[in-house]
Amino acid sequence: MKSLLHKLINDQSWAAQLEALATGAPASAPISISRPLAGTSADWLSLLPENAPFWYRARPQQGEFRLGIGHALHLGTAGSNRFAALDNAFQGLCQEWRHEGSAYAFAGFAFDPETHDGLPNALLAIPSILLTSINGQNSVTLTIPAARRDQARATWLELIAQPAIARPVRRLPGRPETLAEQAWMARVRAALREIEKGTLDKLVLSRQRSIQASAPFSATTILRNLIDCQPDSLIYAHGQGEQTFLGASPERLLRLQNGEVEADALAGTAWAESPSLSDPKNRHEQSLVVDAIIDALAPLCQTRPQAGAPTEHPAGQLRHLRSRISARIKEQTTLFDLVRALHPTPAVGGFPGPAARHWLKQHGERRPSWYSGAFGLLDSNGEGEFSVALRSAQINGCMAEFHAGAGIVAGSDPQQELAETEAKLSTLLSAFAAPETPPLTGTLHD
């Protein structure tokens, strides 16, 4: 595959088209050209770069795999106005973007607007190289700022010059988690006391666990294992060099397409040893999320959003209750208007939202990197999709930190909530422990 890309980039037939697209464009305008790629469907993981920034997004069950390599343009921001900053930047890019066919950007953001832990708090980027496989149809989109089009060939060739090497690693013995588990259950009991006062209906508490290996972890291997064991989830990653944030999310925050918004209300968790999803605690937790999402979206929609009946949604070895909420948005409503209205939902923060976030801040809740924030794919028409960044891990060389949470409502049992976080953590831990498997969807042939 590397040789196929190398040949395409060296073929100067695209140069005249690049020049034509750039005519009259501002110097900073992104210029994108797309080409089909021959071969069978691919997961692209053999092309993860060794040092360049990358974005990965896959829905294996739907036959969708995307890898973005390098940054043609990017913007990092933070603070209470971060979504407005991303909105303005994205609208400006869409107005200036010169392209043929489909063109995409990626974005991600943290749970809290002030978090600075491993990644920019909020980041929007157009990849220099975007590899796409949709139901066996493969393509590449190459992007360069108009002012740098004379350097396009050298830039693209450098980005594919050094794919990451998947080296075997051995996990080192970890420390006992007993004290950390006791401390977390004490926080659950504190949350239950607050809920009993009647000021809050729900609080979401997170846990972290760290592991260490004999050599740097391989994002290629871990993502391939996640594809294999969680094909019904969104597999996502953003990284550079030894630092990578990745995971497998069961939950869509929202999708905006052709003026229609869809959002997931996902809450309640069941696994082999747990109570069923029909348990009153799970039903109550999910109904809180449904009502809150409808109320948050309603001012931005032409009619009040409607929720479908709750169904069981698989996520690896876990199952959740999910209702799909949809509506048609009002004119002039943007993708980031919807993000601002929804984030954080009660599924990751609590309810009521402001009171829950205040309690979490007062009680030292920590959400590293983009955990329980979101990971998104945006198109050049100003629409796109964000998924909640759940079941995640932050890799930094030989170290990996895992993140999972549980929703606490009236009647929650601290020991059972601890077991829920253990079940969620295991979905990522198993991907780090498993041997590398062959690509799920085959490989391209040069």
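Predicted model: local features only at pLDDT ≥ 70, side-chain atom pairs only at ≥ 80, totals over all residues.

Reader: How many cavities of 30 Å³ or more does a search of the whole structure find?

Author: The search finds two. The largest cavity holds about 240 Å³ of space. About 40 Å³ lies in the second largest cavity.

Reader: What makes a space a cavity and not a pocket?

Author: A cavity is a set of points where a 1.4 Å probe fits but cannot get out, whereas a pocket is an open set. Rolling a probe the size of a water molecule over the atoms shows where empty space is left.

Reader: Which residues lie nearest the centre of the largest cavity?

Author: Ala-347, Leu-390, Arg-391, Gly-405 and Lys-424 do. The whole lining of that cavity has 24 residues.

Reader: Which element gives the most to the lining of the largest cavity?

Author: Strand β20 does, with five residues. Elements that supply at least two residues each include β8 (202-212), β12 (260-270), α7 (280-297) and α10 (414-433).

Reader: How do the residues of that lining divide by class?

Author: Nine are nonpolar, seven are polar and eight are charged.

Reader: Why is Ala-431 called buried?

Author: Buried means under 20% relative accessible area. Ala-431 has 2% relative accessibility, so Ala-431 counts as buried. Ala-431 is found in helix α10.

Reader: Which residues is Ala-431 in contact with, leaving aside its neighbours within four places in sequence?

Author: Ile-222, Asn-225 and Leu-226. Contact means heavy atoms within 4.5 Å. Arg-153 is another matter: Ala-431 and Arg-153 are 36 Å apart, C-alpha to C-alpha, and 278 residues apart in sequence.

Reader: Why do the side chains of Arg-187 and Glu-365 count as a salt bridge?

Author: The rule asks for a side-chain nitrogen of Lys or Arg within 4 Å of a carboxyl oxygen of Asp or Glu. For Arg-187 and Glu-365 the distance is 2.6 Å, N to O, so the pair is a salt bridge. The pair links distant parts of the chain, 178 residues apart. Arg-187 is in helix α5 (residues 178-196). Glu-365 is in the loop between α9 (353-362) and β17 (374-379).

Reader: Which other residue meets Glu-365 in a salt bridge?

Author: Arg-367 does, at 2.6 Å, N to O. Arg-367 is buried, with a relative accessible area of 5%. Glu-365 is buried too, with 15%.

Reader: How many salt bridges are there by this rule?

Author: The count comes to 27. Side chains of opposite charge can pair when their charged atoms come close.

Reader: Why are Glu-262 and Arg-255 called partly exposed?

Author: Partly exposed lies between the buried limit of 20% and the exposed limit of 50%. Glu-262 has a relative accessible area of 22%, so Glu-262 is partly exposed. Arg-255, with 25%, is partly exposed as well. Their side chains meet in a salt bridge of 2.9 Å, N to O. Both belong to a network of salt bridges that includes Arg-57, Glu-64, Asp-264 and Glu-385.

Reader: How many aromatic pairs does a search of the whole structure find?

Author: The search finds 14. Tyr-236 and Phe-245 form one of them, with 5.9 Å centre to centre and 45 degrees between the planes.

Reader: Why is the pair of Tyr-236 and Phe-245 called tilted?

Author: Planes under 30 degrees apart count as stacked, and over 60 as edge-to-face. The rest are tilted. At 45 degrees, this pair is therefore tilted. Tyr-236 is buried at 0% relative accessibility, and Phe-245 is buried at 0%.

Reader: What makes the pair of Phe-336 and Phe-386 edge-to-face?

Author: The angle between the planes is 65 degrees, over 60, so the pair is edge-to-face. The centres are 5.8 Å apart. Phe-336 lies in helix α8 (residues 335-342) and Phe-386 in strand β18 (residues 384-388), so the pair ties together parts 50 residues apart in sequence.

Technical notes:
Residues numbered from 1 in each chain as written. Heavy atoms only, no water. 1 Å grid on protein atoms, 1.4 Å probe; cavity = no way out; pocket = protein on both sides within 12 Å on 5 of 7 lines; lining within 4 Å. Points joined across faces, edges and corners; volume = space filled by probe spheres on them. Helix = DSSP H or I, 4+ residues; strand = E, 2+ residues; numbered from the N terminus. Nonpolar A, V, L, I, M, F, W, Y, C, P; charged D, E, K, R; others polar. Buried < 20%, exposed > 50% of the residue type's maximum accessible area, 1.4 Å probe, protein only. Phe/Tyr/Trp six-rings, centres within 6.5 Å; stacked < 30°, edge-to-face > 60°.
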